Each structure stands twice: as structure tokens, then as C-alpha cells.
Amino acid sequence: MSPVIFVSPCLLGQKVRWDGRSSPGNALFSRFIASGGSIVSLCPECAGGLPTPRAPCEIAAASGGAVLAGCAMVQDSKGVDKTHQYLEGARAALALCLANRVRVAVLKDRSPACGVNFIHDGAFSGRVIRGEGVAAALLRRSGISVFDETQLVEAFEAVFAAQPGASSCGCGVAG
């Protein structure tokens, strides 16, 4: 069975970000596929029913785990509650990962859905704080190892290490 990794589609060049743009891609994804790996991708925000482009959203004074627990909400810059869409999108991302036996995900940091290590502060101040997005929190809690776009080597090593009988990354990426 070939290794499968979940990747935020904005990191693959798809224009699904809130502002209608993509994030800079990385040639390492092509090398991963060339080495026999597969990528599955889904934008949790789009899967939850949000359009592109859309008003920016932030988790109000909390992190993704608090949203999952029902203790916090995600709102857009106009104050409209978008929690339901973020929860639905996180569930869709998890369903795709489970259907494809994904054990490793690479997500866009600083996103209210995909933030791995950092998210915005919830006050639309431009300030970034330690925290995780809603989808990142759900994937982690479901046993999926989550990495951000700056941790690609670690992510590829983890996905190949999870393969039965694997001893190295195999994607030609030096650690």
C-alpha cells in the first residue's frame, strides 16, 4: 500500500483561501508523489460550505479544541458566527482521512481551520498566538500526526515511517 498524506489544497496551489488566493506551493509534494506517495486534499472551510473568497474568520479568544468542545466559536470579521461551517469542514476532512487511511497531514498554519501551531487572536488585530485550528484539532484528536507547511521533511519522514517495513523516507528529501 502506498503512503498517503492529507494536504491543505491551498498549499497545492488551489485558490481556496479566504482571499481567493493560494499559498506558495512546494516542489517536495511532487517528489513525494514521484516516490510512490499519494496526496488527498480538501479545504475544510470550503467543505463546510463557505465560499471563496469570503470574509476572514478567527476563533474568538480560544483555539480549535475549545470549538470542538462547544466552548468557543468561529466568527467572521463582521461578527457572524461561522462555527457550524468550521465543524462540518473539520468532520469532512477527518472522513476523507479515515477513508484513505491517512496518518499524516500537512496543513496551512495560522488558519482558523488548519492552523497547526499558530492562529490569529480572534480580535482581527493581526496578532498571531499559539493555538490550533478546528480541523487540525480534530485530526490530532483522531490520531493523525499534523504538520505545518514548514515541516515537510518531518511530515514525509512520518508518513513513510508509518508504512509497514519502512526504514526511511524514500522521497529523496534530506533531513
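In what order do the four strands of the open sheet stand? The order is 2-1-5-8, and the pairing is parallel. This is a predicted model. The chain holds six helices and eight strands. The points below cover the overall shape, the sheet and the helix contacts.

**The whole chain**
- Read along the sequence, the pattern is β-α-β-α-β-α-β-α-β-β-β-α-β-α.
- The radius of gyration is 16 Å, close to the 16 Å that the globule rule gives for 175 residues, so the chain is as compact as a globular protein of that length.
- The C-alpha trace spans about 50 × 30 × 25 Å along its principal axes.

- Strand 2 (38-41) and strand 8 (145-148) stand at the edges.
- Each of these edge strands has a single partner strand, so one side of each is left without a neighbour in the sheet.
- From one strand to the next, the twist averages 30°.
- Strand 1 (residues 4-7) pairs with strand 2 in the parallel sense, over four bridges.
- Phenylalanine 6 has valine 40 in strand 2 as its bridge partner.

**Helix 6 and the sheet**
- Helix 6 (residues 152-161) lies across strand 1, strand 5 (104-107) and strand 8.
- Helix 6 runs at about 160° to strand 5.

**Helix 1 with helix 6**
- The axes of helix 1 (residues 27-34) and helix 6 come within 11 Å and cross at roughly 15°.
- An angle under 35 degrees counts as roughly parallel, and helix 1 and helix 6 are therefore roughly parallel to each other.
- Their crossing is right-handed.
- Helix 1 brings Leu28, Phe29 and Phe32 to the contact, and helix 6 brings Leu152, Phe156, Val159 and Phe160.
- The residues of this contact divide into seven nonpolar, no polar and no charged.

**Helix 4 with helix 5**
- The axes of helix 4 (residues 83-99) and helix 5 (residues 134-141) come within 8 Å.
- These axes cross at roughly 40°, and helix 4 and helix 5 are therefore oblique to each other.
- The crossing of helix 4 and helix 5 is right-handed.
- On helix 4, the contact is made by Tyr86, Leu87, Ala90, Arg91, Ala93, Leu94 and Cys97.
- On helix 5, the contact is made by Val134, Ala135, Leu138 and Leu139.
- The contact residues of helix 4 and helix 5 divide into 10 nonpolar, no polar and one charged.

Definitions and conventions
Residues are numbered from 1 along each chain as its sequence is written. This is a predicted model: local features need pLDDT of at least 70, side-chain atom pairs count only at pLDDT 80 or more; totals for chains, interfaces and linings use all residues. Side-chain values use heavy atoms; hydrogens and water are left out. Two strands pair if DSSP finds at least two bridges between them. Helices (H or I, at least four residues) and strands (E, at least two) are DSSP runs, numbered from the N terminus. Axes are lines fitted to C-alpha atoms, for helices over the stretch in contact, and angles run from 0 to 180 degrees between N-to-C directions. Contact means heavy atoms within 4.5 Å. Angles under 35 degrees count as roughly parallel, over 145 as roughly antiparallel, 65 to 115 as roughly perpendicular and the rest as oblique. A crossing is left-handed if the near helix is turned anticlockwise from the far one by less than a right angle, and right-handed if clockwise. Ala, Val, Leu, Ile, Met, Phe, Trp, Tyr, Cys and Pro count as nonpolar, Asp, Glu, Lys and Arg as charged, and the others, Gly among them, as polar. The radius of gyration is taken over C-alpha atoms; the globule rule is 2.2 Å times the number of residues to the power 0.38.
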